[in-house]
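Here are my comments on the model you sent. Please read them with the structure open beside you.

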Amino acid sequence: MSFFYRRPRATGASPARPTARAQAALSEALQALGGPFVVADLETTGLSTASCEILEFAAVRVGTGGMLESEYTQVVRTCSRVPSFISRLTGITQAEVDRDGVPVTQAFSSFLAFVEDLPVFFHNASFDRRFLSAAADQTGLPFPNPTHCTLALARRAWPELPSHKLDILARHVGASQPTHRALADVRTTVAVALAASARLAAA
């Protein structure tokens with residue numbers, strides 16, 4: 001679940017020139033997109049790591065050449081009940097959590113086994129990294145993988161777009177629409193990442 005806010009650009013303003021750090025991050029991300037890599041997403045019960053939990057993990061492994069190799073998805077049995085607004089947003093119900101959910105330590109361990117030591121891409125990576133860091137603290141399972149942000153890639157690839165939300169990017173590149181289920185959103189993000197990589201390589 002990728003939450004982000006976009007600061008409006010003043011009319012007629014040119015895109016800000018990237019800092020050396022941003023340029024280095026872009027170069028590292030484009031190199032990682034040469035494959036193999038992982039694209040992942042989390043659904044959560046809210047925005048705050050202090051009071052909210054990971055509700056669902058999903059990831060797709062992508063091989064060299066952009067071929068999708070395997071998928072992982074797992075609902076988490078949260079300690080608190082799933083808020084009704086999250087069920088409306090994601091479609092994940094308390095009944096599904098009770099039926100299919102596993103403890104966060106088990107789900108996180110399986111996620112780490114799936115991603116191995118590959119670089120991992122998220123749309124709005126800072127959000128997912130905060131929850132993964134909290135999960136690592138809670139479970140004692142480290143998440144040392146290099147991470148990259150497809151939101152940052154999309155902003156560089158298509159600066160002319162009025163927004164870089166995943167649904168808008170999906171329409172722009174002709175990908176399937178995200179649904180706020182983690183695996184569906186990951187599949188969309190893979191398409192966006194590969195399209196952004198091709199656009200930036202051609203620039």
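The points below take the sheet, then the helices on it, then the cores and ring pairs.

1. A word on the source. This is a predicted model. Residue numbers start from 1 along each chain.

2. Start with the sheet. It is open and built from 5 strands, in the order E3-E2-E1-E4-E5. The pairing is mixed. Strand E3 (68–75) and strand E5 (147–149) are the edge strands, and each pairs on one side only. From one strand to the next, the twist averages 25°.

3. Look at how E1 meets E4. The two strands run parallel and are joined by 2 bridges. Which residue of E4 is the bridge partner of Val-38? The partner is Val-120.

4. Helix H5 (residues 125–139) lies across E1, strand E2 (54–62), E4 and E5. Its direction is at about 75° to E1. Helix H6 (residues 150–157) lies across E4 and E5, and runs at about 40° to E5.

5. Now the largest nonpolar core. This core has 27 residues. Phe-57, Phe-108, Phe-111, Leu-132 and Phe-143 have the most contacts inside it. The elements giving two or more residues are E1, E2, helix H4 (104–115), E4 and H5. H4 provides the largest share, 7 residues.

6. Leu-132 deserves a look. Neighbours within four places in sequence are left aside here. Leu-132 is then in contact with Leu-42, Phe-57, Phe-108, Phe-111, Phe-122 and Phe-143. Among these partners, Phe-57, Phe-108, Phe-111 and Phe-143 are also linked to one another by ring pairs, as a cluster.

7. There is a second, separate core. This one has 25 residues, including Phe-37, Val-60, Leu-161 and Leu-166.

8. Finish with the aromatic pairs. The structure holds 7 of them. Take Phe-37 and Phe-121. Why is this pair edge-to-face? Planes over 60 degrees apart count as edge-to-face. The planes of these two rings are at 70°, so the pair falls in that class. The ring centres are 5.4 Å apart.

9. Are they buried or exposed? Both Phe-37 and Phe-121 are buried.

Notes:
Predicted model: local features only at pLDDT ≥ 70, side-chain atom pairs only at ≥ 80, totals over all residues. Heavy atoms only, no water. Phe/Tyr/Trp six-rings, centres within 6.5 Å; stacked < 30°, edge-to-face > 60°. Buried < 20%, exposed > 50% of the residue type's maximum accessible area, 1.4 Å probe, protein only. Pairing = 2+ DSSP bridges. Helix = DSSP H or I, 4+ residues; strand = E, 2+ residues; numbered from the N terminus. Axes fitted to C-alpha atoms, helices over the stretch in contact; angles between N-to-C directions. Contact = heavy atoms within 4.5 Å. Core = buried A, V, L, I, M, F, W, Y, C linked by side-chain atoms within 4.5 Å.
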